[in-house]
Structures are given as C-alpha cells and as structure tokens.
Amino acid sequence: MFYREAGDFKTSYVDDSQTFPIRFDRMRYYAVLVLGFGILPFVMNDYWANAVFVPFLIYAIAAIGLNILTGYCGQVSLGTGGFMAVGAYACYKLMTAFPWMPMPVNVLLAGLVTAGVGVLFGLPSLRIKGFYLAVATLAAQFFLVWLFNKVPWFYNYSASGQITAPERTLLGVAVTGASTPAWAKYLFCAVFLFVLAWLARNLTRGTVGRKWMAIRDMDIAAEIIGVNPLTTKLSAFAVSSFYIGIAGALFFAVYLGAAEVGEAFGIQKSFLILFMVIIGGLGSIFGSFAGAAFLVLLPVLLKNVLVGGLGWPTDLAAHIELMIVGALIIVFLILEPHGLAQLWRVAKEKLRLWPFPH
Amino acid sequence: MNAMNPEGYVTSDGRKIGGVLMEMKNITLRFGGVKAITDISFDIREGEIRAIIGPNGAGKSSMLNVISGFYIPQEGEVWFRGKKRAPMKPYEVAQQGIARTFQNIALFEGMSVLDNIMTGRLTLMKSGMLDQAMWWGRAQREETEHREKVEKIIDFLEIQHIRKTPVGRLPYGLKKRVELARALAAEPKLLLLDEPMAGMNVEEKEDMCRFILDVNDEFGTTITLIEHDMGVVMDLSDRVVVMDYGKKIGDGPPDEVRANPDVINAYLGVSHD
Amino acid sequence: MLDATPTQAETLLEVNNIEVIYNHVILVLKGVSLSVPKGGITALLGGNGAGKTTTLKAVSNLLHSERGEVTKGQILYRGDRVQDLNPAELVKRGVIQVMEGRHCFEHLTVEENLLTGAYTRTDGAGAISADLEMVYNYFPRLKERRKSQAGYTSGGEQQMVAMGRALMSRPETILLDEPSMGLAPQLVEQIFEIVKAVNEGEGVTFLLAEQNTNVALRYAHTGYILESGRVVMEGSAQELRENPDVKEFYLGMSDKGRKSFRDVRSYRRRKRWLS
Amino acid sequence: MPDQLLYAMEVSLNGLMAGIMYALVALGFVLIFKASGIFNYAQGVLALFAALTLVGLQQGQIPFSHVINAIFGTELHSFGWTLPAIVAIALTALVMVGLAWLIERLVLKHLVNQEPIILFMATIGLAYFLEGLGDVMWGADIKKLDVGLPQGISETIDALTFNAFGYGFFIDRLDIVAAVVAALLVASLTLFSQYTKYGRALRAVADDHQAALSVGISLRFIWVLVWSIAGFVALVAGIMWGSKSGVQFSLSLIALKALPVLMLGGFTSIPGAIVGGLIIGMGEKLFEFFAGPLIGGATENWFAYVLALLFLVFRPQGLFGERIIERV
Amino acid sequence: DLVVPNLSYRTGPFAAGGIPYADGFNDYFTLLNERDGGIGGEKVQVPECETAYNTEKGVECYEATKGQGALVYNPLSTGITYQLIPKVSADGITLYTPGYGRTSAANGKVFEWVFNYPANYWDGASVAIKYLLDENGGSLEGKKIALLYHNSAYGKEPIRTLQELAKKHGFTLSELPIDSPGQEQKSQWLQVRRDKPDYVLFWGWGVMNSVAVQEAANIRFPMDKFIGIWWSGSENDVLPAGDGANGYKALTFNGVGGDYPVYADLKKYVFDAGKGSGAGDSAGSVIYSRGMYAAVVISEAIRKAQELAGTPKVNAAQVRDGFEALEITDARLEELGLKGFGQAFKATCADHGGAGGAMIQQWDAAAKKWSLITGFIEPDHDVLDPLVAEDSAAFAAENNIAERCN
Ligand SMILES: Nc1ncnc2c1ncn2[C@@H]1O[C@H](COP(=O)(O)OP(=O)(O)OP(=O)(O)O)[C@@H](O)[C@H]1O
Ligand SMILES: Nc1ncnc2c1ncn2[C@@H]1O[C@H](COP(=O)(O)OP(=O)(O)OP(=O)(O)O)[C@@H](O)[C@H]1O
Ligand SMILES: [Mg+2]
Ligand SMILES: [Mg+2]
C-alpha cells in the first residue's frame, strides 16, 4: 500500500476539517512549499521563469478566481478576460498616478477595483442562469475591452493605446519593468498565489463556501433553506473578480510588462481560463493549479517536442499542436469529466486499495 | 373533540399541544389556467404533527411551497405566530424558523453529507467573510460549535458511516434521511416534510417514524407532513387535512378522517390498512 | 430451488452472477443472479442501497451513462448475451425500463412524453393512437393534463407519465423501478392492477424493483431479496410472504399482525442475513 | 423626408440583412442545443471547415498536400480539376455527414449524461481540433470562395428607393440571397422539429439523455442526424460568409456574432434565431449609427451583447426559448 | 553562426500575411547561406518560432530563442513589439521593426535598441497625404478624408499625425474604427456611402483588408480614391474582390514583383534546390518581398557590424552598432540584385527611422498585378519630427531614460 490513511484518527473537529487530513499529503504539501519557495527561484533561468513559471502562477490565481465563481458558485462566466483587463488598467493607473505606492498595494487595490466591477456585472446573474448567463458575461468582456481601448484616460493618452509598466521596486529589488530578475518575478507572484490559494481554501470550506455550493447545486432549494441568493451570488462575483483582478494586474505589470487590451485580455483569455478550470476540475483549488499547469505547459512542451525535437516546420507543428490540444481536452473529458483533480482522487482511491482491485 | 380549544389540547398518548402556530386563511393558488389550490384554510398548532393527504396532483406540495414562501398565493393570508406574514422571499421564511424537505430530493449533489447538513445551519451562522477567509478565531470556533450540533444529528439519524460521502452516490432512502438531517440542523420551529417515506421499505419507514416522533418529542418541533402511506399517517399524525383537486375535503383527527366518505371516495379507495 | 411459479414457463431473462463497479472503484453488485420467467411478474426487493436499481440498469444497459460497468458475469435475454447492446437496441428487442425517479422529458407535454414511448414502433399511427387512448384510460388524470409541460406536473402525475410512456412501446418485458413511489394508495393498487392486467392480458413479463414489499408480493409470482449487492433469498411470492424474517423486516408484521408505527419505541438492531 | 431618417432606414434595412447572416450561424447552434442540450462552441469552426472543404474540393486541391510535401519532399498540390459549384457543395455536404458520424463516434458517445458544461467544453476541444485539421488539410492561406452568388449593390432597390425618396438605399445582393436561404431553412427546420417523430425525439434527448435511452431513442442516430443537419447549416453559413470575406481562420469567429442572437432568440427556438438575428442586426447598426459617432465607434460587438442582456433581464429564457422549469 | 530568429505567424487570424512574410525572410537568408556561405563567411541560422500574432506566445518565443544568441528580432506585430521594447533594452538585443511597431522608436536618442527604418506609420500617413496633395494640385482645402482603421494599437498609430496634417492642409478627417477581425464592416461603409468622403485611407490587416476592398467595390466607391497602408496592399487583399478591386491603391516602401535579378539566384540556389521556405508559391508577392526586404536590411546591418568589429563573429551589441551605422545606397541595392527595391537611407545615432519615403502601387485586376505608379515620396518631416520627439520624450520620462547622442 502506497497510500495510507490508517492510523489517522481525529480527536477534534478542528483536526477533522484540516486541508490535508492525511499525514502523507501534509508532508507532500510541505515538500512542495520548500521546493516552490526555497529551491526553484534560485535555480530557474529567464526562459523557465518567463515562459512557464510566471504565467503558470498568474493563471493559477485567475483560475482559482474563476473556479470560485464557476466551480463553487455555479455561475459560468466568460468575462474573465475583461475582468483581468480591469485589474491591469487599475494597476497601471495606480502605478502611474502614485509612483511611490508599494507594488503589492497597487496589486491589491487593483483587485478591489475589479471586485467592484465584478459585482456590477454580476447583477444580471440574479435573473439569468446557465448558458444564458455565460453569454451575458460576454457583454462585460466586450464592453470592458472596448472601454479601455476607447477612453484615452485609461492608457494615459499614449499614441497607440498601449500601456507599459514602469519599473517599481520592492525592498530594493525590481519587481516590474524590464530589468526585473527572473527570481523576483517568480517570488512576487508566488507569494500572491500562496496567500490567495490559502484564503480561497478557507473561504470554500466554511459557511461562505457552503452557501456558494448550495446555490451551485440547486439554487431554488438553497433559497428555501435560507440562503440569500443575492448576497451569495454577488459575494462570489466579488471574490472571484478580486482574484481575477489581481491576476490581471500581475499579468500586465510583472509578466508582460506592456499590454494592449484587445490582444492581451481578449475573449481568448476568457476561454483559456475557463478551460483551465474545467480541465483541472470544477470546485477544486488543487484543480485550478493542475489546470493552469496543464494548459501552460502543454503547448510549450508540444512545441518543443514537435519543432525542437522532431524538427517539423513551425506552421505544421502549430496546426498539429492545435489538434493535439483539442484531442487531449476531449480525451481528458471522456476519461474523467470532473477534471484532473478527480483523476487524482480516483488514483488515490485506487492506491489506497492497492493491491486489491476494489 | 377538543382540537378547537385555542389554548391547545392533550393527545391520547398524553402529549401537550399548544396554541395555533401557523394559520392558512383562504389560500388560492393558480398557475395560468390550472387551479392548484382553491380557497383552503387550516391551522397548525404548536407541537402538533399535522398531516396533509390527498390524491396525486391535489395540491399538497403546492401548499408546502406556499408555506415556505416559494409560491405566492393569488389570494389568502398566511399567519405565523399570531402575525400576518408580509410577502417575503423564501430565505426570509427559512430565517423565521421554517425548514423543510422536498418531494423530489433536493440535496446539494456536489457536496458531502456533512456539508449538506451544515448548510442547514447557515441561517444560524454569523461569522463574516473576512473571518472566514482568515479561518482564525471566530470562524473556526463557530464552525466547531456548529459541527458538534450537526454531529449530534448525524448520530441521531444513524448516518455516521456516510458522513464524508458525496450525496450523489447515496441510494434513495439514505438521501431522504440526509435531507431530514439538513432540515433538522436548522433547529426549526416548524418542520415541513414532503413524502419523507416514499421509496422506503417497512423497516426503514419504522426508523423514519421514530426519528419524526423523537424530533417532535425531544425538541417540541411542530411537524407538517405529506405522506401517502396511510399506516404512517394514521399512526403518527394528530390531525389530518385532506385535499382533492385543490380543495379541502376533510380535516380532523385520523380516525375521523378515515371514516369520512368523501375521503374514502377520493383517496383511500377501499378502506385501507 | 423450489419453483412454485404459476406460469411454469421458459426463462426470458437470465442474470448470471454479475458484478457492477461504479467509477472504477465502488463495487456495488457482488454476484447477483436472477432468472425471470416469460410471462411472469418477478419482484426484486431489498432495502435502500441494496442494489435493485443497479441491477435493473445493468439489464437495460443504462449503467454506462453513470460511469458504471458490469465487470463479471453475463446477462442473457432469450439466450442471447445482451450486455454489449446499446439501450435502444434492447428496446427494439422488447425490453423497456421505467426509471426510478420518473425521468420525464420536462419540456415536452404529457402527450408528447407518451408519444416518445412509441418511438421504436413501426406499426403505424393508428395503432399508436389507439394505445394512447388505452393509456389515457388507465390514467384519466393524464388526459386532463395532456397539454401541460411534464415538468410542471405533480410527482404522482409524472410517475403515471413514466409508466404510460413505457406501455406505449408495446414491450415484451418491462423493468419497473419503484412504480409505487409517491403514488396515492388508490393509485398504487391501480398501478399494480394495470401491471397484472397487462401481464395477464398481453403476456408482458415484468421485473419490478419495489420497496413496498406488501403490494409487490401480493402481485408478483416470484421474488428475490437483495442485500448489499447480493441475493439473500429467493422463492415464490407465497413463500416469501410467509417467511418470518421477511414478515418482520419487509412487511412490518409481528405475530400479532401489523403493529403501529408509534409503538416501535426503541430502535431495533438490524438483523441481517449476510455481511 | 429628412436625410437623417432616410439614412436610419437604410441602416436598419442593412442591419436586418446583417442579422440574417448572423442568424445563419445561430441556427446551427440552436439545432444542436435543442437536440442534445449541448452548447456547441464548434459551430463557427464547423462553418470554416465546411467552407474550406468546399473551396478545396471545388479547386481540386489535394488534402494534406502540405503535410505530405513536408514529410516526403514531394510537390503535390492539385488534382487539376475544377468542379462545378453544385457538385462541390454536394460533396461537401457528404463530408459534413461523415464528420458528424465521426464526432458522435469519437466524442459524444462517451459523454452521454454529462453535465452541460462538460459537453460545452468538449465542443471547445472539438473546435480546436477541427481548426487544426482544417489548416493541415487545406492550408492556412486566404481563399476565395465563388459559387456564383451575386454580390454588390442591388440596382433594383437602389433605383426603387431613389425614385421614392430621392436617395437610393444600398442593399447587398448577397444579403438578399442569404435572407431567402435563411427563410427556407427556418421554415423546413421548424416543420421538422415540431411535426415529426424525430423532432420530438430530438427534444426528448435534450431533456434527459438517460430517459431517452430508456425509451429506445438511439442517441447515436439522433446525434448523427442533428450534427449532420448542423453541418449542413454550417456549410450554408460558410458559403455566405466565405463569399463575403474569403475563407480563412477568422471565419470561425463569426460564432461570436451569433451568440447574442442566440441568447436573445432563445437557445431552443429555430424561429427565435431569425427574429433574434433581425433585432440584434438592426439594434447594433442603429446604435452605431446614432451613438457611435458620439462615443467613438466600433460599438457593435459589445452593444449586441448588451442589447441581448437587456432582453434577458426581462425574459431569462430569451424571446422564444423554452421556459426554464423551476420547481422543487 | 549568426542567429537571426524569425518570430513568424503561420497560423491564427493573420496567417495569410504572416506566411509569405516569413517565407521571404527565410528564403533570403537561405540564399545568403547557399550562395555566399553566409554573411562574411559566417552562416546564418534562422530558427523559426510561431507566435500566432499572440503576445504571450511572442514572449515565449523571445525567451526561447534569446538563449541561442539571437542578434536581432523582427516579430511583425505591433503588439509584440511593445512587449519586447523594454525586454530587448534590458537584454541588449536589437529590435528591428520595418514599417510597423512603435513609431516614435525612430528617435534613437531614446530608443537605443530599436530601429524602424526605412519608414513608419506616421511617414505612411504623411506620404499618403502628400500624394493626395499632388493629385489635387497642392491643396486639400475643404476635402473630406476618412480614415478606416483596425481598432487596435496598430490602427490607431496614424491618427495623431493625420489630425496634425488635417490642421495644416485644411481637410476634414473622419475616423472609422473597425473591430478585429473585421468581417462585418457594413456600418462603416454605409457611412462612407452617406458621407461621400473624397478619399478613404485604410489601416487594416488580415481579413479586414479583403472585406474592406470588397465592401468598397460593393458600394461603388471609386477605387482609385481608396488608399491602404502597406499592410493593406497585398494580392490576398484584392484578389477576392475580383474586378471590383481594380484601381485600388496602397503604399509600399519596397519594390514588388519577381523581376529583380536576385530572383534568378533565389531560383537557382533556393527554390530549385528544394530549400524554399513554406509552400514556395508566394515568391514575388508584396508581403513576400517585404519579408525579404527585412532580411536584406538585417543582413546588411550584420555586414556593417562585421566591418566595424573586424570579425565575422559579431555579438548582439556589435550588431546594434551595425544597425546604427547602416547606410543603404542605391548602388548597394543594385549590387544585391535589387535595383530600386528600397529607398536609400542612412541611419545615425539619433535617427533610427530612415528616410521615410514610400511609393504608391495600384492594382490591376485584369492582369492580377500590382504596379508602381509613383517613385518614393518623401513624408512631411516638419510635421512628423516634433510628434516623434514629443512621444518619445513621454516614454523617456515614464521610464527614466536619459537621452543619448548629445
Ligand atoms: N409551477 C407550476 N406550474 C404549473 N402547474 C403546477 C406548478 N406546480 C404545480 N402545478 C400543478 O398543480 C397541481 C398540484 O400539484 P402538487 O405538486 O401540489 O400536487 P401534490 O398534491 O403534491 O401531488 P403528488 O402527491 O403527486 O405529489 C398539479 O396538477 C401540478 O401539475
Ligand atoms: N452513480 C453511482 N456512483 C457511485 N455509487 C453508486 C451510484 N449509483 C448507485 N451507487 C451505489 O450503489 C449502491 C446501490 O444503489 P442502488 O441505487 O442500486 O440501490 P437501490 O437498491 O435501488 O436502493 P433504493 O431503494 O434506495 O433506490 C448504493 O450503495 C449506492 O451508493
Ligand atoms: Mg407532491
Ligand atoms: Mg433504487
């Protein structure tokens, strides 16, 4: 037996509601933390940081955010790109208007601004449900992108409407701007991700999380049981948008460094993050990580194999890559509709029974 | 019959029934052309087990939905604890201490049994979002307190072994029991049960009856239940309302109702036991 | 095994020692064997979670859509292995299931629901509308509500729709999952009368899963009792009715006849044959 | 008549026409949603794929030639024929049926009874796959599609309106053709879904996969049927849009123009797709005409969605959609 | 080896333009390798990386190729360019964006690592107006000109310049944005039909181009009064409209067609040897030629760098110096087999923008051919220079950059 839970008897309810009730899991979790904060930042190069890790960390934040809304509260949203744009532009305006403000504060405030906008666009969810709501959130997506493209105040009247992140330092080290070292970008995002994931975990295991899930699973029954749909849905929109706004701010300021709204925060982004959430597993924080890792890594991996390894022409490789990503999405859904997180759970259940089949 | 006494009455097995807890006055409910409920009045007394019976489509479930605020009747008034109830949202009704189960089980399929039951306590939990996010102090303390209460209910209903199972996987009968647990968790004044024993065999029905009686006994919870098993209705209930085609065709203690020719005609068929 | 079935006929459906696993890990049926005689009414009894529904779904091949699979044993219908067929083909062969929990087509009207039951039929519109009348005869309430969307009918009405829909396909065998659930007593009798009439009049074979042991054993010819995924007892309805254990646990009778639900003061320890 | 009013009339008319072009894409969505509850994100890509195949067949392009050349170093390009449009269209329709069959076989069959969002996700995977496949098969360059549809200003309407108002309206002849085709499609599809047993089966499947299976409806058959029809509708949409803007990747993005139409008309209503299209088309064009100049233009994309959203707030199931059943 | 990555896009919405450009770029370097053994005896490696016109993939490509010793980047995307400007400045690699990208990068005092000669969007706008001035006998007073543009950073670039020019020459400018991808342009063209502008200038890319040409033909807008920027003037853009496109004009800063002597070499060393990039059917087309133009300039800059450094193995910093010291003369072009292919220019420390001249080409639908109808027209430096100075000063201020070259 690889996977043991025997010998873990809980004597208090606090123990029982731990995130990782099984010791083996807990050890692995600490190991990941040590690796993530203690080792990785010091061994990675620019390529790994910029092409893999930083986008992974940021997408994971966005995916957790969307997972809160879609996976936990059941409100499918396709406005993620637009909300990330709000975060990005809020961060840009803050950075340029108050150059002295510490970067983490900028990012958090950008998240709060986005939360406000998210609540506003969440209002229709009280009437509109399911795919109708999903399509309705596209209104937010297109409107926000249009707005940031059209109103020069948002991009400080620059000639082409692009925004560029000026350099800001934290504790004497640059965290935005071109001269930021790879490890600083990584750590800056990693800390945000760690704290946000921890908060999300807390929110989803307690009262708030149960309200969200109740609305998701059966909104009418939830209301009859005493859940106020208005505040519950809006709180999900707020929290989710807060996360997504932070992701947007980091995406622009730390990762890209410059952005054009339609290009960086277009509808493709909304879809991409939704994929991450679904592939990873709806209603699972771990799934958000898994989904983000999968969809960030897979194209890079495929590209390196097809172009770097097999030496195919880039266009052929790109087309085949599309086909493979598409096919893999389908295969995963067929294997396990509830995502990588569920795949992992089933694998664990199997291991637990191993070597017996059931 | 002393059921008309406003001060309450004492049942044959010695339980004390109090004054009127809820009163439905001339309720009429229509869906487009369909009249689901026509001018029905009845009351529910404190501590009582009140049954609603009637053929399929008579409007029983609709009546529960009116009580829990999900349907707004076109005519009529609902009085609760001596006050006329203003039109309110279902969740406000729940916050007043009315909990219920559903005919077509309405559990939250994506959550575990424990979480489902904990949702029953949502109306009683107070800690805010920030507390929750931090998970220190208040939120955790509150969670633990409520968890203890819920564990009591779990023990009471004998569902310890499935505590962590996702409800989607449970067989029908257990789902019903979990639903009851969820309703109980809210510590309601008035508990509405819509066919709690459908799809159970006798042994399980017996268990369920025990739970219902004990809830009534121990916590003094008032219970209104819809049930098609006459045995259960006759044995459990203090008073029975009979509905047919949206109209009330009988109201009174079980024996009296059972003898009512209208009821036999519309519902029971050959006298049943 | 003693076989006291009144219709001493050939076996139509045979289930041989099947095992069913959900989600690759949850073992639910641990070797269930049944044989359903042609023209008989066979009852499948057992408590909650015993595996009745699972057995029926295994027969009608609806397990796949729930991520369950039959991993061992075989299912024969008229001697042919059927567990690899898709459900539609099985319906064409005359086996139809009435699913637990009604499963009406919510957005279709009551009448349209009934008509979908006739989907596989090829014997012309005339025959179909005749059968529609027949179903309305059985369930007059449905006729009143024929134009309403099924999603807005009451629980009992939906159960009638589900039954009627199955009858509309003129099946040879009907798998009935808890037909009495949520029906008024009068209607329960009525449904079983219909089962009996259809069985006797048209020779339709029934395999029915029931919790209402009382009624089920009154109408069935043979019965099986399932517990935690195993058959723990089988025999003619008569035998089962008289078995003291069945009496106590499934019929709720003690030696002194039916006892009041109020009188069961202390929780009894469950007595189980197996596991 | 004041100029402004005349212009507004012209803009509205063109909006209606544009709306019909959107509706052609929306129709495919509706069919599939109606029949399986699947929100088929791949509809746009299906249109692209159909158009690519049509052009490829018509011009005798050898499929996969690009890959073959890359691997074997050959110089394959064309079969050297040019097929008549009608033959090419028929062949493409066959290809779409084959595609529908494959989709059922490889994807849908394995996802029976899953939640809508999972199915939605699968169609996104499908969209990726088909997009890649289309490119690999026929190449990513821009192609001209010509099946002989008329294009350009309709002289008749220009002349008529000029005589009547002193200002000739511009209506594209292609749009007129599209309107006629759309009307035919809608009429026949409505008849099919309301009055045939397959139509009923289709709606049954959308409600409850398992129950449909249990009454003997073959999901496979229904799905192949519906996806074939949707493929055919996609082909029609592909022809119209392809004639207008050439065939290349962006053709798949017309799906985004169809979504507000769908939302407004209701996901399950075939006539709704047309009415929705008309309202959206006219609404967005008029808004752009009146408000666009004041707030900087390019409003059509978001306004279409906002307009649909406004309607939804009052009718959450769209104008003609089936009522969402809310019961406990 | 010399590494010149090709960040190309052969997929996605703009593949139709990306493919021939990348082919032209690759083929020219292949020619140098095959015929001359590289540049100064050093072979040139052109690792290709697919960006799909997507900024994130652009970043990934940049990071992936940077490590291989990349000397210069040419991403053919304004979005990616903005992305890379800070990065290349930090990493010390040249970014070369001929005819696209950030216009004010022409100011070498601020943008040390970016070059965008021979011409930029503001030059383009000015050249178009100059051409119209010529057509109208030197005055555009009272004329109406509409600008139809891709609603993105790229499309918005010329607006400022055109507004200035409108003030100077007294024409009215109306701006009509079209959202990407631009398949639906009915509203915009109806407005053109109503307003009847004298001229329409057009900044489009991808499918927007062919739809615009088609719509213009549909409303019978006189095609010779419709002028596109150089990215809106390829064969792809006009062929779908058939005869309707006849007479459409577009700017170009390089020669087009397959008549240049260099094509003989290309055929011999590249195409016939089976070393052509891509499908090999776009040689001589407008965008192909432009890809080749970029390759020509880059190879000349490297040559210059080798000359300055005195070694064929130049590094990224030396290549930048080569770019800054580059002089392209007519004679040199002729030597390369490209007589008249581009305008002669000379870069300096302060001037990274080149002469800025462009020609007008016109489409002949019957012959299916673009033909040049003017020589190089000079932009209006009096208007442009202050604009460049202003924009780059703002950038310098925001990023704490001290001006060089003083
Ligand atoms: N939301 C609704 N819209 C339309 N009709 C409805 C709605 N809810 C209930 N009805 C109709 O009202 C009538 C009463 O329904 P109700 O569910 O109250 O019956 P019931 O007495 O609970 O029956 P059962 O014992 O079968 O559950 C039925 O005919 C039903 O079709
Ligand atoms: N989809 C599923 N996934 C996992 N487990 C399942 C699933 N469906 C049923 N089970 C399990 O299989 C066992 C048997 O269930 P089944 O529904 O067959 O019981 P049943 O005899 O029909 O009970 P009931 O009378 O309550 O309907 C139960 O323990 C249940 O938890
Ligand atoms: Mg009911
Ligand atoms: Mg069952």
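This is a predicted model: local features need pLDDT of at least 70, side-chain atom pairs count only at pLDDT 80 or more; totals for chains, interfaces and linings use all residues.
Residues are numbered from 1 along each chain as its sequence is written, chains are lettered from A and ligands numbered from 1 in the order in which they are written, and side-chain values use heavy atoms, with hydrogens and water left out.

Take chain C to begin with. Its secondary structure comes to ten helices and twelve strands; these are DSSP runs numbered from the N terminus, with helices (H or I) of at least four residues and strands (E) of at least two. Chain C has 275 residues, and 61% of them count as buried. Cys104 of chain C, C:Cys104, is buried at 8% relative accessibility.

Chain C also holds on to a metal. The magnesium ion (ligand 4) has C:Thr53 (OG1) and C:Glu100 (OE) as its protein donors, 1.8 to 2.3 Å from it. Donors here are N, O and S atoms within 2.8 Å of the metal (3.2 Å for Na, K and Ca), and water is not among the atoms, so sites may look incomplete. C:Thr53 counts as buried at 17% relative accessibility, whereas C:Glu100, at 21%, counts as partly exposed.

Now for the cysteines. A disulfide is a covalent bond between the sulfur atoms of two cysteines; here the cut-off is a pair of cysteine sulfur atoms within 2.5 Å. Searching the whole structure turns up two disulfides over all chains.

One joins E:Cys49 and E:Cys61, with sulfur atoms 2.0 Å apart. E:Cys49 lies in strand β4 (residues 48-50) of chain E and E:Cys61 in helix α2 (residues 55-66), so the bond ties together parts twelve residues apart in sequence. Both of these cysteines, E:Cys49 and E:Cys61, are buried.

The other joins E:Cys349 and E:Cys405, whose sulfur atoms are 1.9 Å apart. The torsion about their S-S bond is about -75 degrees, so this disulfide is left-handed. E:Cys349 is partly exposed, with a relative accessible area of 25%, and E:Cys405 is partly exposed at 33%.

Definitions and conventions
Buried means under 20% relative accessible area, exposed over 50%, partly exposed in between (1.4 Å probe, protein chains only).
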